[in-house]
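Reader: I am new to looking at protein models. Could you walk me through a few features and show me how to read each one?

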Amino acid sequence: MSPLWRVVAALSYVPNYLISGYDPWSYYLVNILLHFGNSVLVYLIVTKLSDNKTLSLLIAVLFSVSLNKADAVIMIVHSTTLMGAFFV
């Protein structure tokens, strides 16, 4: 077994496989939901720091549509990046 084996990432693929097998729609759905959750967390953090809800919403929307890390949402294998951002 490789020392780089990621248990949480490997276990997160099990429900996806049980739902859709090798059809990628459920994997993409999980990545999109994680990205949405990260966008909500950005909104909450900025609101906590600035108390300006308009600014917080603008920053969260820019984060959610930014193409800087689009590969994390588009590529199934990068779900670990989204999980790391969400749970840390």
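Reader: Let's start with the rings. How many aromatic pairs does the structure hold?

Author: Bear in mind that this is a predicted model. The structure holds 3 aromatic pairs. In general, a pair of aromatic rings is described by two things, the distance of the centres and the angle of the planes. Take Y13 and Y27: their ring centres are 6.3 Å apart and their planes stand at 50°, so this pair is tilted.

Reader: Where in the chain do Y13 and Y27 sit?

Author: Y13 is in helix α1 and Y27 is in helix α2, which covers residues 25-50. They are 14 residues apart, and the pair links distant parts of the chain.

Reader: Are these two residues buried or exposed?

Author: Buried means under 20% relative accessible area, and exposed means over 50%, with partly exposed in between. Y27 has a relative accessible area of 11%, so Y27 is buried. Y13 is at 25%, so Y13 counts as partly exposed.

Reader: Which kind of pair do F86 and F87 form?

Author: That pair is edge-to-face, with 5.0 Å from centre to centre and 90° between the planes. F86 counts as partly exposed because its relative accessibility is 31%. F87, at 60%, counts as exposed.

Reader: Now the surface. Which residues make the nonpolar surface patch?

Author: The patch is made by W5, V7, L11, V14, Y17, L18 and Y22, and its area is about 830 Å². Look at V14, which has its place in helix α1, residues 7-20. V14 has a relative accessible area of 41%, so V14 is partly exposed.

Reader: And pockets? How much space lies in the largest pocket?

Author: The general idea is that rolling a probe the size of a water molecule over the atoms shows where empty space is left. Here, the largest pocket has about 220 Å³ of space. Its lining has 15 residues, and H35, F63, K69, A72 and L82 lie nearest the centre. The elements giving two or more residues to this lining are α2, α3 (53-65), α4 (70-74) and α5 (79-87).

How values were computed. Residues are numbered from 1 along each chain as its sequence is written. This is a predicted model: local features need pLDDT of at least 70, side-chain atom pairs count only at pLDDT 80 or more; totals for chains, interfaces and linings use all residues. Side-chain values use heavy atoms; hydrogens and water are left out. Patches are made of residues with over 30% relative accessible area and no salt bridge: like charges are joined within 9 Å, nonpolar side chains (Val, Leu, Ile, Met, Phe, Trp, Tyr) within 5 Å. Accessible areas come from the Shrake-Rupley method with a 1.4 Å probe; for residues, only the protein chains shown count as cover. A salt bridge is a side-chain nitrogen of Lys or Arg within 4 Å of a carboxyl oxygen of Asp or Glu. Helices (H or I, at least four residues) and strands (E, at least two) are DSSP runs, numbered from the N terminus. Buried means under 20% relative accessible area, exposed over 50%, partly exposed in between (1.4 Å probe, protein chains only). Rings of Phe, Tyr and Trp (its six-membered ring) pair if their centres lie within 6.5 Å; planes under 30 degrees apart count as stacked, over 60 as edge-to-face and the rest as tilted. On a 1 Å grid over the protein atoms alone, a cavity is a set of points where a 1.4 Å probe fits but cannot get out, and a pocket is an open set with protein on both sides within 12 Å along at least five of seven lines; lining residues have an atom within 4 Å of a point. Grid points are joined across faces, edges and corners, and a volume is the space filled by probe spheres set on the points.
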